[in-house]
Amino acid sequence: MASTNDCISSGEVALNALYGLQTAAMTSGNLAAQKALNDDIGNLTYNLTQLRGQQIADNDTKINTLNTQLGQVTTSARDALNNLNQLTTVLQDVVTATRILDGILQAAAIP
């Protein structure tokens, strides 16, 4: 299935071709062809506008989904940082306790 971008690109190519045909119709003075081509150009332009609107809506949905995921990742990262900070505090307390215990053991070992 073609993507929205592919459809828009194809539509733009077709629109350019219609403009070329319209110019040829003007050059030859074929008013009926000019009118028909003008109607086709209007319809195709409308459809391309609708496709672009759909593409924008799809992109907005993707952006909102990514923003939600980013928010979840940010929250997880903050939680992990808080856990690391708590672990650092505990390890600092263990080092302090070890130093105190070492001082007590050295004092007790003095004859």
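Biologist: Where is Gln-22 placed?
Modeller: In this predicted model, Gln-22 sits in helix H1.

Biologist: Is Gln-22 buried or exposed?
Modeller: Gln-22 is buried, because its relative accessibility is 12% and the buried class covers values under 20%.

Biologist: Which residues is Gln-22 in contact with, leaving aside its neighbours within four places in sequence?
Modeller: With those neighbours set aside, Gln-22 is in contact with Gln-34, Leu-37, Asn-38 and Ile-41.

Biologist: What about Ala-25, where does it lie?
Modeller: Ala-25 lies in helix H1. Its relative accessible area is 5%, so Ala-25 is buried.

Biologist: And which contacts does Ala-25 have, again leaving aside neighbours within four places in sequence?
Modeller: Ala-25 is in contact with Asn-30, Ala-33, Gln-34 and Leu-37, once its neighbours within four places in sequence are left aside.

Biologist: Let us turn to the helices. How do H1 and H2 pack?
Modeller: Two packed helices are described by the angle between their axes and the distance between the axes. Here helix H1 covers residues 4-28 and helix H2 covers residues 31-109. The angle is about 160 degrees, and the axes are 9 Å apart.

Biologist: What does that say about how H1 and H2 run relative to each other?
Modeller: H1 and H2 are roughly antiparallel to each other, because angles over 145 degrees fall in that class.

Biologist: What is the hand of the crossing?
Modeller: The crossing in which H1 passes H2 is left-handed. Sorted by class, the contact of H1 with H2 has 15 nonpolar, eight polar and four charged residues.

Biologist: Where is Ala-17, and how far is Ala-17 from Ile-41?
Modeller: Ala-17 is in helix H1. Ala-17 has a relative accessible area of 43%, so Ala-17 is partly exposed.

Biologist: Change of topic: how many salt bridges are there?
Modeller: A search of the whole structure finds two salt bridges. Side chains of opposite charge can pair when their charged atoms come close.

Biologist: What is the N to O distance between Arg-52 and Glu-12?
Modeller: The side chains of Arg-52 and Glu-12 form a salt bridge at 2.4 Å, N to O. This pair links distant parts of the chain, as Arg-52 is in helix H2 and Glu-12 is in helix H1, 40 residues apart.

Biologist: Last one: where is Asn-83 found?
Modeller: Asn-83 is found in helix H2. Asn-83 is partly exposed, because its relative accessible area is 48%, and values over 50% would be needed for exposed.

Biologist: How far apart are Asn-83 and Ala-2?
Modeller: Asn-83 and Ala-2 are 47 Å apart in space, C-alpha to C-alpha, and 81 residues apart in sequence.

Key:
Residues are numbered from 1 along each chain as its sequence is written. This is a predicted model: local features need pLDDT of at least 70, side-chain atom pairs count only at pLDDT 80 or more; totals for chains, interfaces and linings use all residues. Side-chain values use heavy atoms; hydrogens and water are left out. Axes are lines fitted to C-alpha atoms, for helices over the stretch in contact, and angles run from 0 to 180 degrees between N-to-C directions. Helices (H or I, at least four residues) and strands (E, at least two) are DSSP runs, numbered from the N terminus. Angles under 35 degrees count as roughly parallel, over 145 as roughly antiparallel, 65 to 115 as roughly perpendicular and the rest as oblique. A crossing is left-handed if the near helix is turned anticlockwise from the far one by less than a right angle, and right-handed if clockwise. Ala, Val, Leu, Ile, Met, Phe, Trp, Tyr, Cys and Pro count as nonpolar, Asp, Glu, Lys and Arg as charged, and the others, Gly among them, as polar. Buried means under 20% relative accessible area, exposed over 50%, partly exposed in between (1.4 Å probe, protein chains only). A salt bridge is a side-chain nitrogen of Lys or Arg within 4 Å of a carboxyl oxygen of Asp or Glu. Contact means heavy atoms within 4.5 Å.
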